Amino acid sequence: HVDDGRARHDDDDDDEEEVEHNLHHVMASPTAQMEALVAALQDPDTRENALLDLSKKRDMFADLAPTLWFSFGVVPALLQEIVAIYPLLNPPSLTNHASNRVCNALALLQCVASHPDTRGLFLAAHIPLFLYPFLNTVSKTRPFEYLRLTSLGVIGALVKMDDTEVINFLLSTEIIPLCLRTMELGSELSKTVATFIVQKILSDEVGLSYICATAERCYAVGTVLGGMVTQLAEQPSVRLLKHIIRCYLRLSDNPRARECLRQCFPDQLRDPAFTAYLKDDVATQKWLVQLLMQLN
């Protein structure tokens, strides 16, 4: 009889598991699926899997950003994920697993940063400041490189919106030195995103005025851009060179920056042999010709 009872109990457990399994697959709608995953972020035991699922499926859910922001306890949970790895930054001891997990949290914050209904709230809460320690790291191992790249992705999502409020916030929190550091030390992809951020900051009048306010700032940006061009002689990258030329072209709109650039402009950009690999990129070729004309 005891054995029969156990068998029945096991059958009941199997039935419950099957019901749960079926429910998981036939949830009423993507919205219900999203809400269940967001709720799972609140529980430390279910958070890791929920982070992974949501970061993979985030493009499926149109209202994910407001749901994340306005759901009780979810943003603190994401910030908890970020703060938890600060001790692993120095000395550098970040594992692939820890890096992947925090990058899933960062992917959700990027979603919040991109959405028009939550971007202003995201900035007002100064959330980007939690990412700055990651941009300050110098280790070139894969976990750190992935961490920097994903953090830059959040800042890149903010600047894509061409919003002066965003530019003011980033400038007031000293993002430029952090971007310049990545432009010097990062992988080709990280350098490209960091240079894109600087390009977007420069494209705003407030950003151009800030960088050109002193000769030191102009020279710091010009020197890093020049160093990247020199490195591209060994490892060409059209997408990175395109953003570098856009930065130079925008700087050349300012008289002080023009003078500065004439002193630290890389010879490679005047060398047809170096710029030959731009032959398929007509727009960038045009920007380069315009730049050389502005610098005489």
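## Meet Thr150

Setting aside residues up to four places away in sequence, Thr150 touches Cys103, Leu106, Ala107 and Gln110. This is a predicted model. Thr150 belongs to helix α9. Is Thr150 buried or exposed? Its relative accessibility is 13%, so Thr150 counts as buried, the cut-off for that being under 20%.

## Two helices side by side

Let us step back to the helices. Helix α6 (residues 96-114) packs with helix α9 (residues 142-159) at an angle of about 5°, and their axes lie 9 Å apart. Because of that angle, α6 is roughly parallel to α9.

Which residues make the contact? From α6, they include Asn96, Ser99, Cys103, Leu106, Ala107 and Gln110. From α9, Tyr146, Leu147, Thr150, Val154 and Leu158 are among them. The residues of this contact of α6 with α9 divide into 12 nonpolar, eight polar and one charged.

## The nonpolar core

The largest nonpolar core holds 92 residues, and Ile175 and Leu251 touch the most other members. Which helix gives the most to this core? That is α6, with 10 residues.

Ile175 has contacts with Tyr132, Leu135, Ile155, Leu170 and Ile201, leaving aside its neighbours within four places in sequence.

## Around helix α11

Ile175 is also one of the buried residues of helix α11 (residues 175-185). What covers the buried residues of α11 includes α9, along with α8 (132-135), α10 (164-172), α12 (188-203), α13 (205-211) and α14 (215-232).

Note on methods. Residues numbered from 1 in each chain as written. Predicted model: local features only at pLDDT ≥ 70, side-chain atom pairs only at ≥ 80, totals over all residues. Heavy atoms only, no water. Axes fitted to C-alpha atoms, helices over the stretch in contact; angles between N-to-C directions. Helix = DSSP H or I, 4+ residues; strand = E, 2+ residues; numbered from the N terminus. Parallel < 35°, antiparallel > 145°, perpendicular 65-115°, else oblique. Contact = heavy atoms within 4.5 Å. Nonpolar A, V, L, I, M, F, W, Y, C, P; charged D, E, K, R; others polar. Buried < 20%, exposed > 50% of the residue type's maximum accessible area, 1.4 Å probe, protein only. Core = buried A, V, L, I, M, F, W, Y, C linked by side-chain atoms within 4.5 Å.
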